[in-house]
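Subject: Structure handover

Hello,

Here is the structure for you to open. Please keep it on screen while you read my notes below.

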Amino acid sequence: MLTVDTAGIIEQANEAARLLLAGAAAGVPLARVAPAWLSRAHLEVCAGRRVDQRARGPVGGPVFEAHPVHAGRDGVTWWLVDVDDHQRAVEELRAEREWTTFMVEASVELLSSLNLERCMEATARLAARRLADAALVVMPLTPRQYAIVHCDPRGEVSHEHMSVDPRMLPGLAEALQGFPLPPTRWVEPAEAPGWVLRDRGGEVGSVAVTALPGHGLATGALVLLRRTPRAGFSDAEEVFAPLFTAWAGAAISVARLYAEQAAIAETLMAELLPPTAPPLEGVELAARYRPAGDSERVGGDFYDVHPVGGSGRESLVVLGDVSGKGLEAAVLTGRIRNILRALVPLADDHHRVLELLNGAMLAHGDPTSFVTLVLASIERRADQVVVRLTSAGHPPPLILRNDGRVEPIHAVGTLIGLVEHITSVTESVVLEPGETCLLYSDGIVEARGGPLGDEFFGEERLCEQLRQCAGMPPEALADRVQMLACQWVGAGEHDDMAVVAITAPREPSHRAQP
């Protein structure tokens with residue numbers, strides 16, 4: 001800061017001005033110590049001839065900008081600002097803002113999806129945009145097989161599964177090993193194998209290999225390809241590159257873990273899902289299932305169809321309802337279905353099957369686990385179908401006759417899994433062509449809804465509706481029953497619903513008679 005009178009004599013100079021302008025002091029002419037552009041600007045300001053009162057010029061080496069402030073009628077105070085320092089500060093702030101914006105965009109793009117391929121794509125694309133001209137993400141699948149996502153300078157992404165030796169690229173094997181994380185390794189392009197350079201060896205000036213840290217282990221590695229031969233990160237890159245690789249590695253690690261868990265869940269779910277009802281010789285059959293939650297695929301209700309049970313003369317259909325809901329009920333369902341699958345050879349004796357299932361559940365030791373069941377053994381005899389029914393604490397099967405009559409079959413018995421000794425009653429029923437035996441879970445009759453939203457659908461209402469369905473094919477009948485219960489519930493909550501319709505065909509049997 002300098003205060004100069006209208007005659008061009010310095011009246012005051014602060015310490016910074018004295019260091020910048022050698023000899024600047026009170027009483028010294030400005031023209032003696034200041035550059036000509038500043039002296040000329042002072043004269044023009046004092047004479048009122050300078051419209052833009054700011055002036056700019058070099059002082060020694062750096063460029064300064066001088067800002068005049070009138071200090072009364074007889075003087076002007078000049079403030080000198082180092083433009084180079086200011087410009088550097090502005091550039092540094094702009095660059096930091098750009099990096100901050102990039103990191104925000106990167107975090108949003110990386111953390112907005114649990115899809116593994118998308119996370120790898122985003123990592124390669126973001127790295128090619130900001131850290132390099134092209135980039136590769138390398139993730140191990142097996143000891144020799146690797147997933148590689150490549151982003152070229154145009155931003156186009158490609159996926160490959162390749163068998164590569166990571167030792168062929170210096171630093172890659174170390175980056176894939178995990179913690180402690182090695183520092184970024186800069187490699188000469190001549191040392192990189194062809195699958196890294198992608199036939200662009202002449203365009204690549206430097207190669208960098210850095211680890212993508214995950215959760216306790218390295219997720220993979222990021223390979224950066226630059227046109228410039230300079231190896232090393234800039235000061236800003238030294239700060240932000242480790243943050244980016246940490247975020248990218250964490251996102252890929254989470255997405256990979258999610259993908260592995262989803263694959264495991266899908267495999268287990270396939271075993272828990274109700275099967276597609278297979279065709280049975282001499283009988284028409286349809287099954288429907290709806291879990292309690294809209295987002296759920298399995299629950300506590302289940303059915304199974306075994307074309308051959310017992311001695312082989314009968315088919316076996318099982319419909320059950322386990323205690324609980326959701327995942328715990330689904331796990332119990334899977335266990336019970338596996339036990340029953342092993343007991344199918346004993347299906348001639350329903351009571352024996354239920355006894356063994358009861359013993360297996362009691363041996364498991366969970367006092368809250370139980371299941372209600374209905375077993376239906378089916379045999380075609382000429383044009384009729386004979387069904388042996390045994391209920392273990394389950395809603396009674398219903399027989400729909402051709403004349404519209406609905407007959408409950410009270411094959412009562414003890415539910416399974418709570419008491420040591422069980423009882424059961426088996427009843428046989430004959431279906432004439434077109435007649436149906438309906439098995440259903442309590443989710444149908446206990447569907448709560450109606451006009452006031454608090455009334456059960458009930459067995460009586462179900463029977464009334466079935467009387468109007470005489471002669472209906474089993475697929476249509478199963479759909480009708482499930483639709484009625486769902487309409488009764490409306491938007492309210494409901495239990496799992498399972499329905500199996502067993503119908504004697506109207507077409508005559510072509511089997512040879514004994």
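The second largest pocket has a lining of 16 residues, and Pro182, Thr184, Thr210, Pro242 and Thr245 lie nearest its centre. A pocket here is found on a 1 Å grid over the protein atoms alone: it is an open set of points where a 1.4 Å probe fits, with protein on both sides within 12 Å along at least five of seven lines. Lining residues have an atom within 4 Å of a point. This is a predicted model, in which local features need pLDDT of at least 70, side-chain atom pairs count only at pLDDT 80 or more, and totals for chains, interfaces and linings use all residues. Residues are numbered from 1 along each chain as its sequence is written, and side-chain values use heavy atoms, with hydrogens and water left out.

How much space lies in the second largest pocket? About 230 Å³. That volume is the space filled by probe spheres set on the grid points, which are joined across faces, edges and corners. Strand S10 (206-213), strand S11 (218-226) and helix H8 (235-272) each give the lining at least two residues. H8 gives the most, with 5 residues. Helices (H or I, at least four residues) and strands (E, at least two) are DSSP runs, numbered from the N terminus. By type, the lining has 12 nonpolar residues, 3 polar and 1 charged. Nonpolar covers Ala, Val, Leu, Ile, Met, Phe, Trp, Tyr, Cys and Pro; charged covers Asp, Glu, Lys and Arg; the others, Gly among them, are polar.

Next, the charged pairs. Side chains of opposite charge can pair when their charged atoms come close. How many salt bridges does the structure hold? There are 24 (a side-chain nitrogen of Lys or Arg within 4 Å of a carboxyl oxygen of Asp or Glu).

Take arginine 130 and glutamate 98. Their side chains meet in a salt bridge at 3.5 Å, N to O. The pair links distant parts of the chain, 32 residues apart: arginine 130 sits in helix H5 (residues 116-130) and glutamate 98 in helix H4 (residues 83-111). Arginine 130 is partly exposed at 26% relative accessible area, and glutamate 98 is partly exposed at 33%. Buried means under 20%, exposed over 50%, partly exposed in between (1.4 Å probe, protein chains only).

Glutamate 109 and arginine 125 also form a salt bridge, at 2.9 Å, N to O. Here too H4 and H5 are linked, with the partners 16 residues apart. Both are partly exposed: glutamate 109 at 27% and arginine 125 at 27%.

H4 itself has 29 residues.

Within helix H8, arginine 256 and glutamate 260 lie 4 residues apart, about one turn. Their side chains meet in a salt bridge at 3.6 Å, N to O. An α-helix has 3.6 residues a turn, so residues three or four places apart point the same way.

Last, is serine 391 buried or exposed? Buried, at 3% relative accessible area. Serine 391 is in strand S16 (residues 384-392). Leaving aside neighbours within four places in sequence, serine 391 is in contact (heavy atoms within 4.5 Å) with Leu373, Val374, Ala411, Val412, Gly413 and Val425.

Best wishes

Technical notes. The expected span of a helix is 1.5 Å times one less than its number of residues.
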